[in-house]
Amino acid sequence: MAMKTPPHMGGFIWRQILEPLGLTVSEAAVALGVSRQALSNLLNEHAALSAEMALRIEKAFGPRLEHLMQMQLAYDVAQARSRERSIRVQKFRKAATRG
C-alpha cells in the first residue's frame, strides 16, 4: 500500500544518505559533480529529483536509480492528488459522426 504523504526526495536524501555520512552540501556536490546550488535546491525541496541526479547519487552513494525515481514518482503522484479538486477538466467525449 502506498503512503499517503511520501517525503520529498530532497529531505530523504539529506536525512538518509548525506547526513549519516557527515557530508556538507558542498562536499556532496563535489562528490556528485554538480553545483552546490543545484544540490541545495533539491535538498531544500525547491526542485524535484531528476533521473540524472538519481544516477549520480547511485554512482556516488549506492541507492539504486530505479528506487529513487519510484520514490520521486510516488511523491509527484501524491502532490497531484492533493490538488485534484482544484483541477477542473471535463471528461472528453468524441462527438458522434454521421456518415
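Modeller: Before we start, contact here means heavy atoms within 4.5 Å. Keep in mind, too, that this is a predicted model.

Colleague: Thanks! With that in hand, what do the buried residues of α2 pack against?

Modeller: The buried residues of α2 pack against α1, α3 and α4. The residues in question are V25, A28, A29 and L32.

Colleague: What makes you call V25, A28, A29 and L32 buried?

Modeller: Buried means under 20% relative accessible area, and these four residues of α2 count as buried. They span an arc of only 105° around the axis, so they sit on the same side of α2. Here is the general idea: an α-helix has 3.6 residues a turn, so residues three or four places apart point the same way.

Colleague: Which residues of α4 meet α5?

Modeller: A51, A54, L55, I57 and E58 do, and their partners in α5 are L65, E66, L68 and M69. I57 also belongs to the largest nonpolar core, where I57 is among the residues that touch the most other members. Leaving out residues up to four places away in sequence, I57 touches I13, I17, L32, L49, G62, P63 and L68.

Notes:
Residues numbered from 1 in each chain as written. Predicted model: local features only at pLDDT ≥ 70, side-chain atom pairs only at ≥ 80, totals over all residues. Heavy atoms only, no water. Core = buried A, V, L, I, M, F, W, Y, C linked by side-chain atoms within 4.5 Å. Buried < 20%, exposed > 50% of the residue type's maximum accessible area, 1.4 Å probe, protein only. Helix = DSSP H or I, 4+ residues; strand = E, 2+ residues; numbered from the N terminus. Arc of directions from axis to C-beta.
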